[in-house]
Amino acid sequence: MTRHILLVQSDPAEGREDDFNTWYDDEHLPAVLEVPGFTAARRFVAAPGVHGEQPKRRYLAIYEIETDDLAGALAALGAAAKSMHIHEAFDRQNHETFAFTEISAR
C-alpha cells in the first residue's frame with residue numbers, strides 16, 4: 001500500500017488560539033482519522049528555521065494516509081468534511097493544504 005501525507009498549515013482566528021487548539025486536538029483530528037485511509041495525525045507549532053525564517057502559517061497538521069488511491073481518499077475526506085463541525089476559531093481564510101506521496105524509505 002502506498003503511503004502519503006496531507007499537510008495542513010493554518011492559523012487560528014484572531015484571539016481564539018486556545019479554542020482553536022482544543023477543537024483541533026479533541027474534535028477535528030479524531031474526526032479526520034475516521035475517514036478510510038487516514039491512519040495517523042499529529043500537530044506542530046512553528047519555530048524559527050535554520051536562518052531564523054518563519055513559515056507563513058503558525059500551525060501544521062500532518063495526516064498519514066495509506067492507500068493506493070490518494071485521489072479517492074482525499075475525495076472521501078472532502079465528503080466527510082461537509083458534515084464535520086469546523087469551529088469558528090479556525091481561520092478559514094488562512095490555511096493551505098498539500099498532499100505528498102512517499103518516494104523513499106524511512
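**Figure 1. Overall fold of the chain.** Two helices and four strands make up the chain, which is shown here as a predicted model. Read from the N terminus, the elements follow the order β-α-β-β-α-β. Along the principal axes, the C-alpha atoms occupy a box of roughly 40 × 40 × 20 Å. Of the 106 residues, 31% are buried. Among contacts in the chain with a separation of 6 or more, 74% are between residues 24 or more positions apart.

Figure 2. R43 belongs to strand β2, which spans residues 38–45. R43 counts as buried because its relative accessibility is 18%, and the cut-off for buried is under 20%. The side chain of R43 takes part in a polar contact of 2.8 Å with the side chain of N21. A polar contact of 2.8 Å also links the side chain of R43 to that of D25. Apart from neighbours within four places in sequence, the residues in contact with R43 are F20, N21, Y24, D25, L29, Y59, L60 and A61.

**Figure 3. The largest pocket and its lining.** The volume of the largest pocket is about 330 Å³. Its lining consists of 15 residues, and those nearest the centre of the pocket are H28, A81, I86, F90 and H95. Two or more lining residues are given by each of the elements β1 (3–12), α1 (17–32), α2 (70–81) and β4 (90–101). Sorted by class, the lining of the largest pocket holds eleven nonpolar, three polar and one charged residues.

**Figure 4. The second largest pocket and its lining.** Strands β1, β2, β3 (59–66) and β4 each give two or more residues to the lining of the second largest pocket. The largest share, four residues, comes from β3. By class, the residues lining the second largest pocket are four nonpolar, three polar and six charged.

Technical notes. Residues numbered from 1 in each chain as written. Predicted model: local features only at pLDDT ≥ 70, side-chain atom pairs only at ≥ 80, totals over all residues. Heavy atoms only, no water. Buried < 20%, exposed > 50% of the residue type's maximum accessible area, 1.4 Å probe, protein only. Polar contact = N/O pair within 3.5 Å; in protein donor to acceptor, adjacent residues only side chain to side chain. Contact = heavy atoms within 4.5 Å. 1 Å grid on protein atoms, 1.4 Å probe; cavity = no way out; pocket = protein on both sides within 12 Å on 5 of 7 lines; lining within 4 Å. Points joined across faces, edges and corners; volume = space filled by probe spheres on them. Nonpolar A, V, L, I, M, F, W, Y, C, P; charged D, E, K, R; others polar.
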